[in-house]
Amino acid sequence: MNLLVKNNDPAVGVIIVNYNSGNKLLLCVESLLSVESELHIVIVDNASTDQSLAKLNSTISNDSRVQLIQNQENLGFAVACNMGARLARGDYLLYLNPDCKIHKEAISKLLNCLANDSKIGMAGGHLLNSDGSEQIGGRRAVPTPWRSLVRVFHLSFLSNRYPRLFSDFNLHLQPLPNHPIEVEAISGACMMVSRTAYEDVGGLDEGYFLHCEDLDWCMSFRKKGWKVKFVPAAKISHFQGACSRSRRVFVEWYKHKGMMRFYQKHFRHQYPGIIMWFVVLGVWIRFGLLACYFSVRRFLISGKQMG
């Protein structure tokens, strides 16, 4: 497979949105620069206040393959992704979280999957935890309101008897396939899309600030007739949470707000009103409980440090 495209442009434009990712950003970029594919790496920084950019610049400041955009404020993940996509060159776009380390053959595996079928618009890799196990979210069904209620109320134990009604929307506990398979959704931590599909579907919905924009995009691709594939041979180590551990309530607020936008956008007219009310209630009760938990935990940790 020829990885170079016309006009000597790289085959793949990589978009990385950075926000206080520390040492992980440099690790991510170094892993990209070690692969054989021709890349154009666009890093969009959302006004980071840590040393992640300084560490990056001190190592690769003269590398023409890397382009850095620095925003003066945090514009959100979706907005930054779309900024990067407008600048990235290549017939394929790879959206990669800064806390990911991509394995050497992952990009070529994703490229091959997309190139083998013109109806495939998006491909995602096999996300790994630090211990090598498969991470939650790399392959999944769409978390419809019903599936979310099943998960919140821990009803998946009924899936053995009623698999179509009570199965978990996360598929990581299923046997790992030995070839690319079609799924309803993949993770925004690693998403490769063809330029043709991107121009047909458009960029990410900028109404999301953080979280759920990847699910929304998968839905949009499938509604337009594009296939979404999970590629098990494309391995990516994902050091999850590198950018959000210090702002848990902030992250959970936008996560739950994104969930509400996702449900209202795609399922408002498909479910009875009472079901949607239960979903809304469940979402905000869940946020309230998590906010209390993280706030109390932070207070206790601060108290111990002062003591």
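Which side chains does a polar contact of 2.8 Å join? The two are those of His266 and Asp216, a polar contact being a pair of N or O atoms within 3.5 Å in which, within protein, one must be able to donate a hydrogen and the other to accept it, while residues adjacent in sequence count only if both atoms are side-chain atoms.

The model is predicted: local features need pLDDT of at least 70, side-chain atom pairs count only at pLDDT 80 or more, and totals for chains, interfaces and linings use all residues. Residues are numbered from 1 along each chain as its sequence is written, and side-chain values use heavy atoms, with hydrogens and water left out.

His266 belongs to helix H9 (residues 248-267); helices (H or I, at least four residues) and strands (E, at least two) are DSSP runs numbered from the N terminus. His266 counts as buried because its relative accessibility is 6%, where buried means under 20% relative accessible area, exposed over 50% and partly exposed in between (1.4 Å probe, protein chains only). Leaving aside neighbours within four places in sequence, His266 is in contact (heavy atoms within 4.5 Å) with Asp216, Met219 and Lys223.

The chain is assigned domain 1 (12-238) and domain 2 (248-305), with bounds from an automatic or database domain assignment. Their centres, taken over C-alpha atoms, are 23 Å apart. Domain 1 gives 18 residues to the contact and domain 2 gives 17.

Phe287 lies in helix H10 (residues 273-306) and is buried because its relative accessibility is 14%. Residues up to four places away not counted, Phe287 touches Val249, Glu252, Trp253 and His256.

Asn46 sits in the loop between strand E2 (39-45) and H2. Asn46 counts as buried because its relative accessible area is 2%. The side chain of Asn46 makes a polar contact of 3.0 Å with that of Asn71, and a polar atom of the Asn46 side chain lies 3.3 Å from the backbone nitrogen of Leu75. Beyond four places in sequence, the contacts of Asn46 include Val17, Tyr19, Gly76 and Phe77.

Helix H2 (residues 52-60) also packs with helix H1 (residues 23-33): the axes come within 7 Å and cross at roughly 35 degrees. These axes are lines fitted to C-alpha atoms over the stretch in contact, and angles run from 0 to 180 degrees between N-to-C directions. Among the residues that meet are Leu26 and Val29 in H1 and Leu56 and Ile60 in H2. The residues of this contact comprise seven nonpolar, three polar and two charged; Ala, Val, Leu, Ile, Met, Phe, Trp, Tyr, Cys and Pro count as nonpolar, Asp, Glu, Lys and Arg as charged, and the others, Gly among them, as polar.
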